[in-house]
Amino acid sequence: MRRVYSKARGSARRAEGRRSGASLTMDGSITVTIPKGFAQFMLGGAALLCLVPVGFALAGELPPAGAVIFALLIAPFIIAGVLWPRFRVVVRQGAVIVRPCFGRAWQFEVADITRVVRRVNPNSSTGELAKMTVWAGRRRVSVEALMRGSEAFWTYIERNVDPGRIITKGRARASDQDAL
């Protein structure tokens, strides 16, 4: 007996997977995104910083140069809060699709990967900070440990790329040391 699923039911499952933070979807693709609360954190920080010049303006002591300086200080937080949620890396059937914060989306095949650099920075106070940069020709994409789905992406790259192209800087992960 063959099961037939409606499109609405399938899209509801995909949406449920996105809400739960799942990086491996039902169709076998891997998705890497910025953590959910990051945009709210950046926009909230910008809103708090906006209160400072508003207080000075209400007191009547805000010079024009001060307003420009505060605008320049607040702008990176607003840009990060608005554009960083756009970042996404999707691995689907051997193709890696990158949607950067700025610019157009691009894609490459796993066979096109020329170099992979994994940086591991042991930090006693915050734990281990890790980042993997994947080069495909002249383009590159970096995935950090704090991103949702980063571990699944790293595992996929480590399994499907020639080990001679993977460079580890810093201390290796515990799972890599156990394998030796």
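**Helix packing and a salt bridge in a predicted model**

Mentor: In H2, Phe38, Ala39, Met42, Leu43, Ala46, Leu49, Cys50, Val52 and Pro53 meet Phe70, Ile74, Phe77, Ile78, Ala80, Gly81 and Val82 of H3, contact being heavy atoms within 4.5 Å. The contact residues divide into 15 nonpolar, one polar and no charged; Ala, Val, Leu, Ile, Met, Phe, Trp, Tyr, Cys and Pro count as nonpolar, Asp, Glu, Lys and Arg as charged, and the others, Gly among them, as polar. This is a predicted model, where local features need pLDDT of at least 70 and side-chain atom pairs pLDDT 80 or more, while totals for chains, interfaces and linings use all residues. Residues are numbered from 1 along each chain, and side-chain values use heavy atoms, without hydrogens and water.

Trainee: Why are H2 and H3 called roughly antiparallel?

Mentor: Helix H2 (residues 38-59) and helix H3 (residues 64-83) pack at about 160°. Angles over 145 degrees count as roughly antiparallel, under 35 as roughly parallel, 65 to 115 as roughly perpendicular and the rest as oblique, so H2 and H3 are roughly antiparallel. Their axes are 7 Å apart.

Trainee: What makes Glu158 and Arg118 a salt bridge?

Mentor: The rule asks for a side-chain nitrogen of Lys or Arg within 4 Å of a carboxyl oxygen of Asp or Glu. The closest N and O atoms of Glu158 and Arg118 are 2.2 Å apart, and the count by this rule is one salt bridge.

Note on methods. Axes are lines fitted to C-alpha atoms, for helices over the stretch in contact, and angles run from 0 to 180 degrees between N-to-C directions. Helices (H or I, at least four residues) and strands (E, at least two) are DSSP runs, numbered from the N terminus.
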